[in-house]
Amino acid sequence: MSWKRTADVVVIGAGVQGCSIAYNLAKMGVKDIVVLEKGTICSGSTGRCGAGIRAQWGTEMNCRFGLAAVGKFEQLHEELGMDCGLNQSGYLMVAYKDSEFEQLQKSMKLQNSLGINTRVVTYDEAKEICPGLAAEDAVGFTFHDRDGHADPFLTTFAYMEAGKRLGVKFLRFTEATDVKTVAGRVAGIVSSRGDIDAPVVVNAAGGYSQFISKMAGVEIPNFSERHEILITEPVEPGVCPPMLMSFSGNYYIQQRPHGSIIGGCSPEGHPQDYELGNSWDFLEMMSRTFVRLLPRTKGVRVVRQWSGLYNMTPDRQPVLCEADNVKGFFLSCGYSGHGFMFGPISGELLAQLILGQEPWIPIGMLHYSRFERGELLIEPAVV
Amino acid sequence: MIMDLIEKHPILEFKHGKKVKFTFDGNEMEGYEGEPIAAALHANGVRIYRVTPVKEQTRGFFCAIGKCSSCFMVVDGVPNVRTCVTPLKTGMRVETQRGKGVIAMDAE
């Protein structure tokens, strides 16, 4: 294939964000879209994530995004023509402190006001939702049955395949090394395989997005943190039907449809070294959490552990906007651990913004200028 | 009892432990204590140890060093036991594993 020197839109990063943005732009009629990926499709944070999808959030923006994303996931297999592995068995939030339970209930009121039917459940109900749960020390639970999880690989591949059918080109092993700007406008990119001139460049580089922003001369205080996660051998389903999640307990655990159980937590020390290694400390800590919470998983073998980058912002909400000082340079980053679940909705909203339409959910407050103004909308519900 | 075990080895010397009784899918069998469960089953003529979850194909002895998952069986109620590297003890309840293995609710 000869090198393509021009495009209408270049998207940097082929995780769920990049693939969703490219697909949505193509669906809205953009003809000449190129997606650059420095590794393989879904090899970054999307392919390493915990796969959860939820509307149980603590800020109005995230609730709106979460609810809209759940709705998207519910019909994604029809829209994209491929199964995305959706499993809607809910998120069961576990609070171990009174203050935490108060916060969950406060968030629940907000969620209810936005049409998210989260409810408080008793320990007995929690055990019906998750048989074998041991959480005598918990003070309360909330549950939303439309939450759940999907397959990040299938979802991203579904977007890619649907995009390809609409003419989107995907270039793997092609790393963006510079963003060209001329007189306050983006002019294209330089990559490890050549230049592409384009009037629109989208930064969807996940854990590495801050480097892309800097290339364009856009400084945003987002940063990447390594989080670890593990998966067990498959056992018959029913061991952990919902996503079990606790902020003070510091865990999220879910069982994949094929029977493997995935679990992760927030790391100690919040390492920001871009190393994607594994640690004994995490293996031991997470294993203890599994057995404490789901005693019958004792003896089930861990078959794999890995890590990935959370692209964090100061308020743990995304950056989804056009750069002020570089017109045509758009950002979709800083998802703070929730980029996979928001992918279907943020991709559509950014495509609308790029095409000069009014995004159907207002995203003005997700502009990075909020950090300079100090108008932070801190999301409390993050593991 | 059919004895399909090596009696003499050209370079290794070995002694069997004492004979113990165990059950396979409810049938009483005999084997040598401390030898792999899978070896004891082999000596008793048992060749099928589990049935795979999706295609329901039979599996038996394969790698014999605890790596391949082929000999997963349910032992004393615990699924996914690598019988090729798990020593036989007296009174063990060994069962063919069908599917992925159900982890019991009352496991402590």
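Author: A residue is buried if 20 or more other C-beta atoms lie within 10 Å of its own, exposed if 12 or fewer, and partly exposed in between, with C-beta atoms placed from the backbone. Helices (H or I, at least four residues) and strands (E, at least two) are DSSP runs, numbered from the N terminus. This is a predicted model, in which local features need pLDDT of at least 70 and side-chain atom pairs count only at pLDDT 80 or more, while totals for chains, interfaces and linings use all residues. Residues are numbered from 1 along each chain as its sequence is written, and chains are lettered from A and ligands numbered from 1 in the order in which they are written.

The part to look at is helix 1 of chain A, with what surrounds it. Helix 1 is mostly covered: eleven of its twelve residues are buried. The buried ones run from Val16(A), Gln17(A), Gly18(A) and Cys19(A) through Ser20(A), Ile21(A), Ala22(A) and Tyr23(A) to Asn24(A), Leu25(A) and Ala26(A).

For the twelve residues of helix 1 (residues 16-27) of chain A, that gives 16 Å, and the end C-alpha atoms are 16 Å apart, so the two agree. After helix 1 of chain A comes Gly29(A), with a positive phi near 110°.

What does the helix lie across? Helix 1 of chain A lies across strand 1, strand 2, strand 12 (200-203) and strand 19 (329-333) of chain A. Two residues are in contact if their C-beta atoms, placed from the backbone, lie within 7 Å. Helix 1 runs at about 175° to strand 2 of chain A. For such angles, axes are lines fitted to C-alpha atoms, for helices over the stretch in contact, and angles run from 0 to 180 degrees between N-to-C directions.

Now the sheet itself. Two strands pair if DSSP finds at least two bridges between them. The sheet is open, has six strands in the order 8-2-1-12-19-18 (chain A), and its pairing is mixed. Strand 8 (169-171) and strand 18 (319-322) of chain A are its edge strands, each pairing on one side only. Direction ignored, neighbouring strands of this sheet are turned by 15° against each other on average.

Look at one pair in that sheet. Strand 1 (residues 9-12) and strand 2 (residues 33-36) of chain A are parallel, with four bridges between them. Val11(A) has Val35(A) in strand 2 of chain A as its bridge partner. In a regular strand the side chains alternate between the two faces of the sheet.

Step back to the segment before strand 1 of chain A, where Trp3(A) is found. Trp3(A) has 10 other C-beta atoms within 10 Å, so it counts as exposed. Leaving aside neighbours within four places in sequence, Trp3(A) is in contact with Arg193(A) and Gly194(A). Trp3(A) and Asp195(A) are 192 residues apart along the chain, yet their C-alpha atoms are separated by 8.7 Å.

Take its pairs in turn. Strand 9 (residues 176-182) and strand 10 (residues 185-191) of chain A run antiparallel and are joined by six bridges. Thr181(A) stands opposite Val186(A) in strand 10 of chain A. Strand 9 and strand 10 of chain A make a hairpin with two residues between them, and Ala183(A) in the turn has a positive phi of about 50°. Strand 10 and strand 11 of chain A are also antiparallel, over four bridges. Here Gly188(A) stands opposite Asp197(A) in strand 11 of chain A.

One more spot in chain A is worth a look. Ala51(A) lies in the loop between helix 2 (45-48) and strand 3 (52-53) of chain A. Its phi is positive, near 75°, in a residue other than glycine. Ala51(A) has 24 C-beta neighbours inside 10 Å, so it counts as buried.

Notes
The expected span of a helix is 1.5 Å times one less than its number of residues.
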